[in-house]
Amino acid sequence: MRAQFVLSEIGVGLRRNLTMTFAVIVSVALSLGLFGASLLMRDQVSTMKGYWYDKVNVSIFFCNKNDADSGANCAKGAATQQQKDDIKAELNRLPLVQKVQYESSDQAYKHYKEQFGDTPVAGLVTPDQLPESFRVKLKDPTKFAVIKSAFSERPGVQEVQDQRDTVEPLFNLLNGMNIAALVVMGLMLVVALMLIVNTVRVSAFSRRRETGIMRLVGASSFYIQMPFILEAAIAGLLGAAFACVLIVGGKYVLINNWLAKKIQVINFIGWDSVAAVLPLVLLIGLLMPALAAFFALRKYLKV
């Protein structure tokens, strides 16, 4: 009997405040959709960092005959074979170095041609202008500074370059977008909470006669508050379910059917990441409105 009464009160409350309930559902859906998207973007950035950082190398470029005026390290002309052998021996002794690969000027020119193809830029460089180098693969790519400090001032070394510099701006951009999404999500959550609190207040005011009668017959505070809390929880859960649809649809349409086909060099997140986010979105969508309604009702339905 009590359960039937609570359910009937929930139905009455949802019908009386249909417009505000719809606004709560939409705001919760958008805020939690942004929340889920920001979590997935964070996973995407981490996946991309792990993928690209594992592939980038530290390059130690040697002086060639054209670099005599480029700095003190190259003042004596091209690097000697002894200098190269000494540097390679030291690299092989370092525990953080995984692999050392030599690249000649001809090999560097070949890679340059592959990169620029038949563009006008390709004809501006000749093989003798490109330096020889060691491509150093590190066990931990974040330890680039160790290699740079150890070899950048060595005679015969023109430059020590970390290829992470080419991908770091992309990661900074993605992190900035993630922060922006979190800020917007926070604002949407505040809007959703305000709507939930106002909806509960309006519902409590419109049913003040029923709650007054329940006070007179000795109903407990929890029993009086339960229909209002469940109304908010149901609206929040519907919004969270819609947010899950948005997240799944975004993954399928935006990532799988568009970005993955346009940008094949990026290892995008899989459905396992989405599956890990959805339960959290549903849980927040259920608990957040219920708690907001509970604390709002403590002031308006004291018995």
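Which side chain meets that of Glu90 in a salt bridge? I looked this up at the start, bearing in mind that the model is predicted. The partner of Glu90 is Arg154, with 2.9 Å from N to O.

**Entry 1: the pair Glu90 and Arg154**

I located Glu90 in helix H3 and Arg154 in the loop between helix H5 (144-151) and strand E4 (157-162), so this pair ties together parts that are 64 residues apart in sequence. Glu90 has 27% relative accessibility and counts as partly exposed. Arg154 is also partly exposed, at 22%.

**Entry 2: the other salt bridges**

I found a count of three salt bridges. Glu132 forms one with Lys84, and their closest N and O atoms are 2.4 Å apart. This pair links distant parts of the chain, as Glu132 lies in the loop between helix H4 (105-116) and strand E3 (133-138), while Lys84 lies in helix H3 (residues 81-93), 48 residues apart. I noted that both Glu132 and Lys84 are buried.

In another salt bridge, the side chains of Glu103 and Arg135 meet at 2.6 Å, N to O. I placed Glu103 in strand E2 (residues 97-103) and Arg135 in strand E3, 32 residues apart. Glu103 counts as buried because its relative accessibility is 7%. Arg135, at 19%, counts as buried too, because the cut-off is under 20%.

**Entry 3: the nonpolar cores**

I turned next to the largest nonpolar core, which has 42 residues. Val28, Leu32, Ile196, Val200, Ile247 and Val281 touch the most other members. The elements giving two or more residues to this core are helices H2 (18-53), H6 (164-206), H8 (221-262) and H9 (271-300). Helix H8 gives the most, with 11 residues.

I examined Val28 in particular. Leaving aside residues up to four places away in sequence, Val28 touches Gly33, Ala192, Ile196, Gly236, Gly239, Ala240 and Met288.

**Entry 4: a nonpolar patch on the surface**

I recorded a nonpolar surface patch formed by Leu237, Leu280, Leu282, Leu283, Leu286, Leu287, Leu291, Phe294 and Phe295. Together these residues have about 750 Å² of accessible area. Helix H9 gives the most to the patch, with eight residues.

Is Leu280 buried or partly exposed? I found Leu280 in helix H9. Its relative accessible area is 37%, so Leu280 is partly exposed.

Key. Residues numbered from 1 in each chain as written. Predicted model: local features only at pLDDT ≥ 70, side-chain atom pairs only at ≥ 80, totals over all residues. Heavy atoms only, no water. Core = buried A, V, L, I, M, F, W, Y, C linked by side-chain atoms within 4.5 Å. Buried < 20%, exposed > 50% of the residue type's maximum accessible area, 1.4 Å probe, protein only. Helix = DSSP H or I, 4+ residues; strand = E, 2+ residues; numbered from the N terminus. Contact = heavy atoms within 4.5 Å. Patch = residues over 30% accessible without salt bridge, like charges linked within 9 Å, V, L, I, M, F, W, Y side chains within 5 Å. Areas by Shrake-Rupley, 256 points an atom, 1.4 Å probe, with all protein chains shown as cover. Salt bridge = Lys/Arg side-chain N within 4 Å of Asp/Glu carboxyl O.
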